[in-house]
Amino acid sequence: MSKQWMSLVGALWLQSMAGTNSNFPAYSSQIKKLLSISQIELNNLAFASDAGKLLGWFAGIAANYLPLWLVLLIGSILGLIGYGVQYLFLTNHIHSLSYWHVFSLTFLAGNSICWINTVSYIVSIQNFPLDRQVAVGISTSYISLSAKIVTDIVDVVNVFTPSKRAETYLLMNSVLPLFFAIVVAPVIRDMKIGKSRKLSDGFRVMFVITIATGIYAVITSLKPAISKLLPSLLSLIGMVIFLLLPIVVPLFESMKEHWHRKCWIRRDPRICDLSKLEEDIKTPEEVINCGVKEDNDAGFAVMEEIGPKKMLMKLDFWLYFFVYLFGATLGLVYLNNLGQIADTRGFTETSSLVSLSSSFGFFGRLLPSLFDYLFSRPIN
């Protein structure tokens, strides 16, 4: 169980760096000036980042044939190329780069997000079969924190050189996902769970940590009011601490497993009670039956693989499609133009708006998962 939880923590960390396109409004105005492009061309760059996700199915196909760590590495390298070449161009290390080159690189960078997301989804679903909705919901909520985290880093790095913020954003977008991919690659794997059980206690702790993280993110995004009380460096350190907090769940589970293992070896009832542990030891048939029964009792359907044709015939797919089309897509259009909206209103703290929208977006993704956890559990 400790390895299961550690894989979820790894997915959280990956997602916290996967939303690289969400910080585009923070430096879009500088990109517009540096590239000497029109507003329409700038909008096309924002579109290119989102359009890159249209080829996200390549990541799904690759995950069927390649190990997850390799899929993760491929996605990170695509982001490194997409954002890294743009960074080299803005810093004059590459002197000849046309607008369409930048468009293609932005498209490539947008596609890289899908590879990281695919790995996170697979880990959350396969390693938590009875709580897959909750695991996916918690992990995907962290993608909204990407803009907040990167903005905090940029505020610290460019405290004396605000004119270099665009370059720093591109540099962070290129190297941070690759760094996190290398760090979590050893724990990101499909555990091939033979037996699964409800993990209510662990998810309670996870929800407390994630809600506290979101509250901290919102408070520290209220600039410049909060900057007088909490400097940029301390704000970043606090954010890092909150990102590390979820690791307490796998650490506690590891300690509990270690204690149970000692008890099992000693087999001494005077030292510990093995009755609960012995109840968990079942034959493979009992394990399978138990897993299916718990799944059905919780109101969840047994996991099944469906093809594209069957998927298109399902009402759930079309509900999700139209909700995303008329809901989330409009939000993306607004966020992509947030920098230009702030400029027209004479607001100079665009990065604080990006951090604030990122923090509230975190709650927007987390709350459905929390409600699902609270209201879909069976009543004993």
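Which helices each supply at least two residues of the nonpolar patch? They are α15 (308-312) and α16 (315-336). Keep in mind that this is a predicted model.

I306, M311, L312, W318, F321, F322, L325 and F326 together form a nonpolar surface patch of about 710 Å². Helix α16 gives the largest share, five residues.

Take F321, one of the patch residues, as an example. F321 sits in helix α16. Its relative accessibility is 36%, so F321 counts as partly exposed, given that the partly exposed class runs between the under 20% cut-off for buried and the over 50% cut-off for exposed.

## The nonpolar core

Now for the inside. The largest nonpolar core has 77 residues, and the members that touch the most others are Y27, I31, L35, L45, I138, F203 and M206. Helix α6 puts in the largest share of this core, 10 residues.

Skipping residues up to four places away in sequence, L45 touches F24, I31, L35, I37, Y99, V102, F103 and T106. Just after α2 comes S36, which takes a positive phi of about 55°.

## L108 on helix α6

Helix α6 covers residues 99-127, and L108 lies in it. Is L108 buried or partly exposed? With 25% relative accessibility, L108 counts as partly exposed, because buried would take a value under 20%.

What does L108 touch, leaving aside its neighbours within four places in sequence? Its contacts there are L78, I81 and G82. There's also G75 to look at: it is 33 residues from L108 along the chain, and the two C-alpha atoms are separated by 9.7 Å.

## Transmembrane regions in the record

The unreviewed UniProt entry lists "transmembrane region" for residues 66-90, 102-123, 169-189, 201-219, 231-252 and 317-335.

How do two of these spans look in the model? Residues 201-219 are 100% helix and 0% strand, with end C-alpha atoms 28 Å apart. Residues 231-252 are 82% helix and 0% strand, and there the end C-alpha atoms lie 33 Å apart.

Technical notes:
Residues are numbered from 1 along each chain as its sequence is written. This is a predicted model: local features need pLDDT of at least 70, side-chain atom pairs count only at pLDDT 80 or more; totals for chains, interfaces and linings use all residues. Side-chain values use heavy atoms; hydrogens and water are left out. UniProt positions are given in the numbering used here, feature names are shortened, and annotations may be inferred rather than shown by experiment. Helices (H or I, at least four residues) and strands (E, at least two) are DSSP runs, numbered from the N terminus. Buried means under 20% relative accessible area, exposed over 50%, partly exposed in between (1.4 Å probe, protein chains only). Contact means heavy atoms within 4.5 Å. A nonpolar core is a set of buried Ala, Val, Leu, Ile, Met, Phe, Trp, Tyr and Cys residues joined through side-chain atoms within 4.5 Å. Patches are made of residues with over 30% relative accessible area and no salt bridge: like charges are joined within 9 Å, nonpolar side chains (Val, Leu, Ile, Met, Phe, Trp, Tyr) within 5 Å. Accessible areas come from the Shrake-Rupley method with a 1.4 Å probe; for residues, only the protein chains shown count as cover. A salt bridge is a side-chain nitrogen of Lys or Arg within 4 Å of a carboxyl oxygen of Asp or Glu.
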